[in-house]
Structure formats: C-alpha cells, structure tokens
Amino acid sequence: MAPRIDRAQVADTALRLLNEVGLEGLTLRRIAKELNVQAPALYWHFENKQALLDEMATEMFRRMEGPIAAIDRSSWQAFLAGTMRGLRRFLLGYRDGGKVFGGTRFTDSGHAGSVEGMMRVLVDAGFAPRAAARAMFTANTYTMGYVIEEQSVYPEPGGERDPAYDLEDRTLEMEGYPLATEAGYEFFANLDRGFEDGLQAVIAGIEATLLKPAAGG
C-alpha cells in the first residue's frame with residue numbers, strides 16, 4: 001500500500017530536494033518518487049507546480065518567523081535591516097531560494113501575526129500604516145531581487161562562483177569600456193558588501209520619503 005501523504009510532507013520534501021535538483025529540476029514526478037508514491041497522488045494536494053511553490057514559500061516563511069521575532073527592535077532602522085539580512089541569509093540557504101520565495105502567494109493567513117508585528121515596529125516609529133507597508137515592501141523586494149541575482153553568481157549554497165561571472169574574463173570582454181568594467185566589479189566582486197551598501201541606500205531613501213506624521217499619510 002502506498003504511504004499516505006499530506007501537503008506539509010510534500011512541501012518539506014520539495015524544500016529538501018531543492019538544493020539537489022534546483023527549481024527547474026523540481027517536478028511533481030521527482031517529488032513523488034522521493035515520497036515513494038505515484039505522481040497523481042500529489043495532484044490531490046497541488047493542481048500544478050505553482051500551487052506547490054506557493055506552499056513551499058509559505059513553509060519557508062513559517063521557518064523564518066522565529067528568527068524574525070528575535071531581531072533587534074531598538075530602532076526601526078535596526079529592525080528593518082536585521083529583517084532583510086535574515087531574509088537574505090535564509091533564502092541563500094536554498095538553491096534558487098529567491099526565485100521560489102519571490103512571486104508566490106501564501107496559502108494561509110498564518111503569516112498575519114508576523115506581518116502585524118513588523119508593521120507595528122514601523123508605525124510606532126512614526127510611519128503612517130500605508131507608508132510602513134510601502135517601506136516593508138520596498139526593502140523586501142530589494143532583498144529578494146538581490147538574492148536572485150546573487151544566486152545566478154553562486155547557484156548552489158556554499159558552492160563555487162559560476163564561470164560566467166569570472167571577473168577577469170569579463171574585464172577582457174569589456175576592453176575599451178572602463179566604466180562598464182568598473183560596474184562589473186561593483187556588481188559581482190563582493191556580494192556581501194554590495195548587499196549592505198544597497199540596503200543602507202534603501203533604508204535612507206525610506207527615511208527621506210516615507211517617514212511622515214500619520215496624519216499626512
């Protein structure tokens with residue numbers, strides 16, 4: 001008799017397989033094989049791959065909630081920066097983690113409490129609610145986009161740089177274009193520093209444009 005499976009088991013198996021096969025190789029058939037069931041058994045829970053990705057993203061957020069709750073809240077800047085650093089670190093732990101998490105829809109309302117808590121930090125600091133939401137969304141999309149680019153350079157967690165991003169080769173290809181060459185080093189040489197520089201620019205921009213009295217929001 002085939003083992004009984006549920007949505008949580010399928011999502012957990014998919015997340016485990018992600019580092020092995022990547023997003024393109026993560027098929028319902030491959031997951032079914034890992035679970036020792038026939039592929040049609042998974043369609044009882046997920047009508048297509050996108051539905052599975054939505055559940056995977058939901059599970060990823062569940063796993064992030066504990067670390068988010070422990071982030072420094074001494075200032076909204078420290079909290080927002082810490083949250084985005086944690087998001088980046090978590091997504092980099094999964095092959096194609098940025099692509100899996102970005103552009104998906106949570107499958108339940110379990111995230112509401114965490115979102116409420118994040119919003120509360122910003123609103124208590126003087127942001128109007130809509131401005132707080134825009135601040136969170138802006139920082140979040142910056143971080144996910146950065147991770148997606150970063151995982152093109154280093155496709156596997158803890159792995160080697162993709163040869164296509166070899167900086168010396170790129171310099172030779174860009175001969176005669178010194179500014180484009182310099183841009184490549186800025187984009188791809190030190191990804192940790194690049195993330196921090198961009199994050200500070202995002203936070204400074206949020207403070208300059210969105211931090212207004214609630215009555216003006």
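**View 1. The surroundings of M56.** Leaving aside neighbours within four places in sequence, M56 is in contact with A11, A14, L15, L18, L26 and V100. The model shown here and in the other views is predicted. M56 is also among the residues with the most contacts inside the largest nonpolar core. The others named with M56 are I31, L42, F101 and F127.

**View 2. The largest nonpolar core.** This core holds 62 residues. Which elements give two or more residues to the core? They are α1 (7–25), α2 (28–35), α4 (49–69), α5, α6 (97–101), α7 (112–124), α8 (129–153) and α11. Helix α8 supplies the largest share, 10 residues.

**View 3. The whole chain, for orientation.** The chain has 11 helices and zero strands. Its pattern along the sequence reads α-α-α-α-α-α-α-α-α-α-α. The C-alpha trace spans about 60 × 55 × 25 Å along its principal axes. Of the 217 residues, 40% count as buried. Take the contacts between residues at least 6 apart in sequence: 69% of them join residues at least 24 apart.

**View 4. Helix α5 against helix α11.** Helix α5 covers residues 76–92, and helix α11 covers residues 191–210. The two pack at an angle of about 145 degrees. Their axes are 11 Å apart. The crossing of α5 past α11 is right-handed. From α5, the contact residues are W76, Q77, L80, A81, M84, R85 and R88. From α11, they are L191, D192, F195, E196, L199, Q200, I203, I206 and E207. By class, this contact has nine nonpolar, two polar and five charged residues.

View 5. The unreviewed UniProt entry places the feature "domain: HTH tetR-type" at residues 4–64. Over that range the chain is 77% helix and 0% strand. The end C-alpha atoms of the range are 28 Å apart. The unreviewed entry also places a "DNA-binding region" at residues 27–46. For residues 27–46 the figures are 60% helix and 0% strand. Here the end C-alpha atoms are 12 Å apart.

**View 6. A32 in helix α2.** A32 lies in helix α2. Is A32 buried or exposed? A32 counts as buried because its relative accessibility is 1%, and buried means under 20%. Not counting residues up to four places away in sequence, A32 touches V37, Q38, A39 and L42. One of these, L42, is named among the residues with the most contacts inside the largest nonpolar core. A32 and T58 are 26 residues apart in sequence. Their C-alpha atoms are 20 Å apart in space.

View 7. Most residues other than glycine have a negative phi. N36 has a positive value, near 60 degrees, and is not a glycine. D96 likewise has a positive phi, about 60 degrees, although it is not a glycine. N36 is found in the loop between α2 and α3 (40–43). D96 lies in the loop between α5 and α6. Which side of the burial cut-offs does each residue fall on? N36 counts as exposed because its relative accessibility is 60%, and exposed means over 50%. D96 is buried, with a relative accessible area of 16%.

**View 8. P67 in helix α4.** P67 sits in helix α4. At 53% relative accessibility, P67 counts as exposed. P67 and G25 are 42 residues apart along the chain. Their C-alpha atoms are separated by 29 Å.

**View 9. T181 in helix α10.** T181 lies in helix α10, residues 178–188. What does T181 touch, not counting residues up to four places away in sequence? The residues are R170, T171 and M174. T181 counts as buried, at 14% relative accessibility.

Definitions and conventions: Residues numbered from 1 in each chain as written. Predicted model: local features only at pLDDT ≥ 70, side-chain atom pairs only at ≥ 80, totals over all residues. Heavy atoms only, no water. UniProt positions renumbered as here; feature names shortened; annotations may be inferred. Helix = DSSP H or I, 4+ residues; strand = E, 2+ residues; numbered from the N terminus. Axes fitted to C-alpha atoms, helices over the stretch in contact; angles between N-to-C directions. Left-handed = near helix turned anticlockwise from the far one by under 90°. Contact = heavy atoms within 4.5 Å. Nonpolar A, V, L, I, M, F, W, Y, C, P; charged D, E, K, R; others polar. Core = buried A, V, L, I, M, F, W, Y, C linked by side-chain atoms within 4.5 Å. Buried < 20%, exposed > 50% of the residue type's maximum accessible area, 1.4 Å probe, protein only.
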